[in-house]
Amino acid sequence: MSTLLREAGSGSAAFPLATLIAGRMWVVATPDLAHEVLHSPDARYRAGTANQRILPVLPQGTVLTLDGAAHRARRRVLAPLFHGNSLAGLAPIIRDVAASEIARWPTGRPFAVLPRTRFMTLCIAARLLLGIDGQARVGELECQLAKVLRPYSMLAGIDRMARLGPASPQAFAARRRAGFARGVAQVRRARGPRPRAAPPDAVDVLRAAADSESRSSDSEIADELFALLLAGHETTATALAWAIHLLASYPNTAHALSDPAAGGARPLMDAVISEVLRLRPPVVDIVRELAEPARLGGADLEAGTLILIPPSLIHRHALPAPEAFIPERFLGHRPDPRTWLPFGGGERRCLGASLALLELREILAHIVERFELRPASGRRERTRLHGTALIPERGGLVVMEPAERSHALPPEGAVTASERL
């Protein structure tokens, strides 16, 4: 991350970068150039093949790794899960999960929230995608995911390591994914009969796909579930951990969110979430692969070049004070899609963006209404790369206390927006 910031500070619109797994890449650092890439036809800038290069543990044939017409067909099949009635029906489930899980969080002492937000968002994703609930079943699902995501699996993108045969990272990842598929099937069988009125889950909609292009086999369904669970809960959990950590450092904002007399609590909550995602975007980069030679940012690039768009660089173009936490910058208007990219952009914008925002809104409301938050130390945590997520380096350490507030005055030492400026 420091390399990206240093290069971006030189004023370059784009610059080269090389890594062991993905090889030579081209980093886009300005909003206009990012918009050009994200809104170009996928026939020119492919997202699916790029995603698989940057995260080689992802299986082929999923909504994250498909391109073109195949991607659009799969996205149409899955989209109803994340919008409309399905999404509205999840709000009370999210509140129930939040109440149950947060009741177990320790109070009065520092603790890292990220492991707990991971489990909480996995509970929600498991209900939506698999129709399962219960701590034991979700815990088993978490174990199965962790087995696939072992560091050795991440080396599967290095083609020359395939010559190791059964001992190669490619074979290791394939075995782990097969084990995940068996584990998912076992957990789903153990859930028991579902109510007749229960909404369809991801397995149901994938099996019911009307056309042969979108209908999936059992192994393909397991691969899709793995990709959706990986993308759908890790990033939301990371954003939630950052939000809790930041609110602990800005008690004035937390108090304003929790004040039942404040009619603007909902607009402020949306502004806080937008600012958290701007200042601490959970995904390190959005990736595309050039399908044909192109000129980008003053450079002639070959077909196959991997293009990286780090939201953290693009978000630095938000003014004023891009390094400061100022939720008020988003009050009364939506974020500018040119300088706010936590969910990507264009036709490959994150399928679960609306679900992630709903989870953040409901869970944060539950926390600030019931707890006082304070930082566990005098400094804000730095980011650390974990897979493709930018997580708090110590897991988002905070201290929580049961709320006993009068809402009359902000606590001493609270920082206002004008003071942050």
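A salt bridge here is a side-chain nitrogen of Lys or Arg within 4 Å of a carboxyl oxygen of Asp or Glu. The model is predicted.

**Stop 1: Arg 316 and Glu 323.** Select these two residues. They form a salt bridge, with the closest N and O atoms 2.6 Å apart. Arg 316 has 38% relative accessibility, so this residue counts as partly exposed. Across the whole structure, a search finds 20 salt bridges.

**Stop 2: helix H12 and its partners.** Select Arg 361 and Asp 270. Their salt bridge has its closest N and O atoms 2.9 Å apart. Arg 361 belongs to helix H14 (residues 353-370) and Asp 270 to helix H12 (residues 265-279), so the bridge ties together parts separated by 91 residues in sequence. Asp 270 counts as partly exposed because its relative accessibility is 27%.

Stay on helix H12 and select Glu 275 with Arg 329. This pair is also a salt bridge, and its closest N and O atoms are 3.1 Å apart. Glu 275 is in helix H12, while Arg 329 is in the loop between helix H13 (311-314) and H14, so the contact ties together parts 54 residues apart in sequence. Glu 275 and Arg 329 are both buried.

**Stop 3: aromatic rings.** The whole structure contains four aromatic pairs. For one of them, select Phe 180 and Phe 226: the arrangement is edge-to-face, at 5.5 Å centre to centre and 70 degrees between the planes. The pair links distant parts of the chain, with Phe 180 in helix H8 (residues 169-189) and Phe 226 in helix H10 (residues 218-249), 46 residues apart. Both residues are buried.

Move to Tyr 250 and Phe 325. Their rings form a tilted pair, 4.9 Å centre to centre with 35 degrees between the planes. Tyr 250 is in the loop between H10 and helix H11 (251-258) and Phe 325 in the loop between H13 and H14; this pair too links distant parts of the chain, 75 residues apart. Tyr 250 and Phe 325 are both buried.

**Stop 4: Arg 280 and Trp 242.** Select both side chains. The charged end of Arg 280 sits over the ring of Trp 242, at 5.0 Å from the ring centre.

**Stop 5: cysteines.** How many disulfides does the structure hold? There are zero. Select Cys 123, which counts as buried because its relative accessibility is 11%. Then select Cys 350, which at 35% relative accessibility counts as partly exposed.

Notes: Residues numbered from 1 in each chain as written. Predicted model: local features only at pLDDT ≥ 70, side-chain atom pairs only at ≥ 80, totals over all residues. Heavy atoms only, no water. Disulfide = S-S within 2.5 Å. Buried < 20%, exposed > 50% of the residue type's maximum accessible area, 1.4 Å probe, protein only. Helix = DSSP H or I, 4+ residues; strand = E, 2+ residues; numbered from the N terminus. Phe/Tyr/Trp six-rings, centres within 6.5 Å; stacked < 30°, edge-to-face > 60°. Lys NZ or Arg CZ within 6 Å of the ring centre and 35° of its normal.
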